[in-house]
Amino acid sequence: MSGRRIGFWYRMAAVLIKPPLVVLFKRDWHGMEHIPADGGFITAINHNSYLDPLSYAHFQYNTGRVPRFLAKAALFRGGFVGSMLRGTGQIPVYRESTDAANAFRAAVDAINKGECVAFYPEGTLTRDPDMWPMRGKTGAARVALLTKAPVIPVAQWGANEAVPPYAKEKRLRLFPRKTLKVHAGPPVDLSEFYGQEPTAEVLRAATDTIMDAITDLLSEVRGEPAPARRPDRPTRPRTDGRPFPVADEESK
């Protein structure tokens, strides 16, 4: 089945967002050939800046396959942003609520209709001082095993240099002009988990497999080896000396 059409709201978002991204940033894009031309699929992306969803959306929009992101339900409640999220078909997530499972059901339905659902498996901006991906939550793996859809790993770098996470001064750092790097890789092989009962152990192993693929890609993008152990939460102070927030609970 084909994916979601690029409708009015997505085209409006592109008209508003693409020009400043093109003018203000350089681009380093690779791996568009790994984005399926048709059928439902999942993308799993690292998260290191408030800007990187726009950078990634720009990348995938240019492939002709638009993503549906999972976003906090509060963002849908009103105003222009809420209208834009609803109009582009993004999926609300009700955290710490009995409605939280609805996001996964909506994601499964979207994929079965031939659409793309984009996951940030970490569930939040990375809290690792060196900007490596943290331990992932299990939602993306759960949906992947239910649908058996391709999972495309994506690594991003550069948005964090323009809009650093948890920065003391919340301002754009545009100069010198930054390069937004988005690299997609081949589908993650999760076939060993198909047919297994989705226990916590199976979901954890599948999630780690996805996160390994993202981290390996990011290591290539950054040109340096990733740490041997993926951080769950910071074990040493941040470079600016401020404490990190307490890590979120594992998504079940």
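User: In which loop does Met-131 lie?

Analyst: This is a predicted model. Met-131 is of interest for its backbone: its phi is positive, near 70°, in a residue other than glycine. Most residues other than glycine have a negative phi. As for its place in the chain, Met-131 lies in the loop between β5 (116-119) and α5.

User: Are α1 and α2 roughly parallel or roughly perpendicular to each other?

Analyst: Helix α1 covers residues 8-24, and its axis is 10 Å from that of α2. The two helices pack at an angle of about 110°. Angles of 65 to 115 degrees count as roughly perpendicular. Therefore α1 and α2 are roughly perpendicular to each other.

User: Which residues of α2 make the contact with α1?

Analyst: In this pair, α1 passes α2 in a left-handed crossing. From α1, the contact draws on Tyr-10, Arg-11, Ala-14, Ile-17, Lys-18, Leu-21 and Val-22. By class, the contact of α1 with α2 has seven nonpolar, one polar and two charged residues. The α2 side is made by Leu-54, His-58 and Tyr-61.

User: At what angle do α1 and helix α3 pack?

Analyst: Helix α3 spans residues 79-87, and its axis is 8 Å from that of α1. The crossing of α1 past α3 is left-handed. The packing angle of α1 and α3 is about 125°.

User: How are α5 and α7 oriented to each other, roughly parallel or roughly perpendicular?

Analyst: Helix α5 holds residues 139-147 and helix α7 holds residues 200-222. Their axes come within 8 Å and cross at roughly 100°. Therefore α5 and α7 are roughly perpendicular.

User: Which residues in α7 meet α5?

Analyst: The α5 side of the contact has Ala-141, Arg-142 and Leu-145. Taken by class, the contact of α5 with α7 has six nonpolar, one polar and one charged residues. The residues in α7 that meet α5 are Val-202, Leu-203, Ala-206, Thr-207 and Ile-210.

User: How much space lies in the largest cavity?

Analyst: Rolling a probe the size of a water molecule over the atoms shows where empty space is left. The structure holds one cavity of 30 Å³ or more. The space in the largest cavity is about 40 Å³.

User: Which elements each supply at least two residues of the lining of the largest cavity?

Analyst: The lining consists of Leu-21, Arg-27, Trp-29, Ser-55, His-58 and Leu-180. It divides into three nonpolar, two polar and one charged. The elements that each supply at least two lining residues are β1 (26-30) and α2 (52-61).

Technical notes. Residues are numbered from 1 along each chain as its sequence is written. This is a predicted model: local features need pLDDT of at least 70, side-chain atom pairs count only at pLDDT 80 or more; totals for chains, interfaces and linings use all residues. Side-chain values use heavy atoms; hydrogens and water are left out. On a 1 Å grid over the protein atoms alone, a cavity is a set of points where a 1.4 Å probe fits but cannot get out, and a pocket is an open set with protein on both sides within 12 Å along at least five of seven lines; lining residues have an atom within 4 Å of a point. Grid points are joined across faces, edges and corners, and a volume is the space filled by probe spheres set on the points. Helices (H or I, at least four residues) and strands (E, at least two) are DSSP runs, numbered from the N terminus. Ala, Val, Leu, Ile, Met, Phe, Trp, Tyr, Cys and Pro count as nonpolar, Asp, Glu, Lys and Arg as charged, and the others, Gly among them, as polar. Axes are lines fitted to C-alpha atoms, for helices over the stretch in contact, and angles run from 0 to 180 degrees between N-to-C directions. Angles under 35 degrees count as roughly parallel, over 145 as roughly antiparallel, 65 to 115 as roughly perpendicular and the rest as oblique. A crossing is left-handed if the near helix is turned anticlockwise from the far one by less than a right angle, and right-handed if clockwise. Contact means heavy atoms within 4.5 Å.
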